[in-house]
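Here is my note on the model you sent over. Have it open beside you and look for each feature as you read.

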Amino acid sequence: MPHVIAWDANRADPLIDAELDRARAFFGADGEGASALLPVLHAMQHHFGFVWPEAVPHIAHRLNLSKADVRGVLSFYHDFPETPPGRHVLKLCRAEACQSVGSERVAAHLAAAHTLTPGATAHGVTLQNVYCLGNCALGPAAMIDEQLLSGFDELTADLWMSRLQDGAP
Ligand code: FES
């Protein structure tokens, strides 16, 4: 179950400092801000469960980047949702091997039957597109919170949505 906590700059700063130190060790002082940006965003996501909008100007300031730089990276990567996640996160593989065995049908079914679209949250479940979960031979592959699932077809999706809405862990 995703754990989301409120933005707190005082808790964020040691994480930012650690990534800046790592970037300096690899790249020297010149490229430290840009080099640290992606690791910093992952650290924020991991620690807070979500990159809060309030984090953007703070990170930009600390890394000596523009807010547009930070927002650009946030919007480019699927790992960073635009809204806080629901109680559960469903990652559906949309890469080629899973497409070939029906992941696009599953995505369409989730939208039609459960009003659940990529990047959005419905019924306490957030849907994220991912591009390979390392389970290509057993697709369509999905991951619910930390649990990897195989053969995630429309029926399986219905069963899981029902289970998650009923409060299953
Ligand atoms: S392509 Fe879906 S798990 Fe690899």
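The points below start with the whole chain, then go through the sheet, the helices and a few single residues.

1. First things first: this is a predicted model, so please read every value below as computed from that model. The chain has 169 residues, and 27% of them count as buried. Its C-alpha trace spans about 50 × 30 × 25 Å along the principal axes.

2. What is the chain built from? You'll find seven helices and five strands. Going along the sequence, the pattern reads α-α-α-α-β-α-α-β-β-β-β-α.

3. In what order do the strands lie? The order is β2-β3-β1-β4-β5, in an open sheet with mixed pairing. The edges are β2 (121-122) and β5 (147-149), each of which pairs on one side only.

4. On one hand β1 runs parallel to β3 (residues 125-130), joined by six bridges. On the other hand β1 pairs with β4 (residues 142-144) in the antiparallel sense, over three bridges.

5. The pairing of β4 with β5 is antiparallel and uses three bridges. To find the place on screen, look for M143, which stands opposite L148 in β5. Helix α6 packs on the sheet too, where it touches β1, β2 and β3, and its direction makes about 145° with that of β1.

6. How do α6 and α7 meet? Helix α6 (residues 103-114) and helix α7 (residues 154-165) have axes that come within 9 Å and cross at roughly 40°. Angles under 35 degrees would count as roughly parallel, so this pair is called oblique instead. The crossing of α6 past α7 is right-handed. On the α6 side the contact uses R105, V106, H109, L110, A113 and H114, while α7 brings E154, A157, D158 and M161. By class, the residues of this contact divide into five nonpolar, two polar and three charged.

7. G33, A36, L37, V40 and M44 of α2 make the contact with A55, I59 and L63 of α3. Here the classes come out as seven nonpolar, one polar and no charged residues. If you colour both contacts by class, you can check the two tallies yourself.

8. Now for a loop residue: is L133 buried or exposed? L133 sits in the loop between β3 and β4. Even so, L133 has 20 C-beta neighbours inside 10 Å, and therefore counts as buried. Leaving out residues up to four places away in sequence, L133 touches K91, C93, A141, M143 and L148. The C-alpha atoms of L133 and L92 are 8.8 Å apart, although the two residues are 41 apart along the chain.

9. That loop between β3 and β4 has other things to check. P140 is found there, and the peptide bond from G139 to P140 is cis, with omega near -5°. C132 lies in this loop as well. Phi of C132 is near 95°, which is a positive value in a residue other than glycine. C132 counts as partly exposed because it has 14 C-beta neighbours inside 10 Å.

Notes: Residues are numbered from 1 along each chain as its sequence is written. This is a predicted model: local features need pLDDT of at least 70, side-chain atom pairs count only at pLDDT 80 or more; totals for chains, interfaces and linings use all residues. Axes are lines fitted to C-alpha atoms, for helices over the stretch in contact, and angles run from 0 to 180 degrees between N-to-C directions. Helices (H or I, at least four residues) and strands (E, at least two) are DSSP runs, numbered from the N terminus. Angles under 35 degrees count as roughly parallel, over 145 as roughly antiparallel, 65 to 115 as roughly perpendicular and the rest as oblique. A crossing is left-handed if the near helix is turned anticlockwise from the far one by less than a right angle, and right-handed if clockwise. Two residues are in contact if their C-beta atoms, placed from the backbone, lie within 7 Å. Ala, Val, Leu, Ile, Met, Phe, Trp, Tyr, Cys and Pro count as nonpolar, Asp, Glu, Lys and Arg as charged, and the others, Gly among them, as polar. Two strands pair if DSSP finds at least two bridges between them. A residue is buried if 20 or more other C-beta atoms lie within 10 Å of its own, exposed if 12 or fewer, and partly exposed in between; C-beta atoms are placed from the backbone.
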